[in-house]
Amino acid sequence: MAIVLITDNVRRSRPLIEALQNLGDCRVVQLDVDWNKQAPATAIVADCDFTDLSVARCLKSLKDRQDITQKVLGIAYRNSNKALQTAMALGLDACIPFYTEPHVVVAAVQNLINPNDGDLNAAMRRCANKAATAVGQLFESAGTRGRIDLTAVDDSVDPILTALEDGGLARWLNAIEAHDKATYQHSLRVAGLSAQFATYVGFPDAQRRRLVRAALVHDLGKSQIPRELLLKRGSLNADELAIMRTHTTLGYDVLRASSDADSAMLDAVRHHHELLDGSGYPDGLSGDGISDIVRLLTICDIYSALTERRSYKPAMASDEAVKVLQGMTGKVEPRFVRALDRSLAA
Ligand SMILES: [Fe+2]
Ligand SMILES: [Fe+2]
């Protein structure tokens, strides 16, 4: 899906651009765009001051090229009735105020493209809320008691798989944006990506469930890493990095102390930072020592971390993240990188 974002301030629009990238390719243009040189798009989002005459000129020239898009959504960044009225008068299909959260803007775009999407988005949000609560309780219990009860996680696996089958990965990633804790968001993103990926490569049902279950808990050990380290802006020094890396063995110990953890889960939690050339951690495994489930999870984990927005870094575009993975020659399974690339476009 191609989305065009018109903005009069790229810096201000950055969080929105990153959120729209969950939907597909997001091209950013400014008010002096030549619409005759733009390829058609599924939707256009205008994040502008609609009382500015140059915005009106830009949208009028867009109207002259009716073949370029299906729908135009306006975001009036000046919160005034005049701005909203002017935006609607410019012939937009819908208009929302500037304070709308980026993930809600994405849902609005989805609703514009397909008005029946409302129910799907609501179902996704319910499922994401339930899974986020389960992951939150898990981290809480791992951090305070050193053991966990996996029942709530197990109960989330089938709803996540169903939600993804019904609504697709983009909607899932967008529903997750509503959750404020980066670690929970990350676990839910990796679970969604793994599920999409496993379906694409044809994993049987039981293996898909094991993978999603493992993905939801893979960073469990972070519950025992000091918060200031998890939230630190900028890169970690050698000592901090060594502490951060213990999340793999800490998570493994928590899981081992808990009943119901299967071998795939234990393997994933301990080994998702191992690399095929032996340069990963904590055990320096290489080649055949790393299972397929772990290889797949590692790729989803790296892709997810790169494309997530954090307080200390912007989100990387999807195609750039795939290029980073393609450049990790000898470290990650190239067959799976190719499959991830194709599964994201599927
Ligand atoms: Fe990790
Ligand atoms: Fe991770």
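Contact here means heavy atoms within 4.5 Å, and helices are DSSP runs (H or I, at least four residues) numbered from the N terminus. In those terms, Ser-318, Val-322, Leu-325 and Gln-326 of helix 15 meet Val-337, Leu-340, Asp-341 and Leu-344 of helix 16. The model is predicted, with local features needing pLDDT of at least 70 and side-chain atom pairs counting only at pLDDT 80 or more. Residues are numbered from 1 along each chain as its sequence is written, ligands are numbered from 1 in the order in which they are written, and hydrogens and water are left out.

**Iron site**
- His-186 (NE2), His-218 (NE2), Asp-219 (OD) and Asp-301 (OD) coordinate the iron ion (ligand 2) at 2.2 to 2.3 Å, where donors are N, O and S atoms within 2.8 Å of the metal.
- The donor residues of this iron ion (ligand 2) follow the spacing H-x31-H-D-x81-D in sequence.
- Asp-219 also bridges to the iron ion (ligand 1), and the two iron ions lie 3.5 Å apart.
- Because His-186 belongs to helix 8 (residues 182–201) and Asp-219 to the loop between helix 9 (205–217) and helix 10 (227–230), the pair ties together parts that are 33 residues apart in sequence.
- His-186 and Asp-219 are both buried, that is, under 20% relative accessible area (1.4 Å probe, protein chains only).

**Helix packing**
- Helix 15 (residues 318–326) packs against helix 16 (residues 334–345) at an angle of about 170°, and their axes are 10 Å apart.
- Helix 15 is therefore roughly antiparallel to helix 16, a term for angles over 145 degrees.

Methods:
Donors are N, O and S atoms within 2.8 Å of the metal (3.2 Å for Na, K and Ca); water is not among the atoms, so sites may look incomplete. Helices (H or I, at least four residues) and strands (E, at least two) are DSSP runs, numbered from the N terminus. Buried means under 20% relative accessible area, exposed over 50%, partly exposed in between (1.4 Å probe, protein chains only). Axes are lines fitted to C-alpha atoms, for helices over the stretch in contact, and angles run from 0 to 180 degrees between N-to-C directions. Angles under 35 degrees count as roughly parallel, over 145 as roughly antiparallel, 65 to 115 as roughly perpendicular and the rest as oblique.
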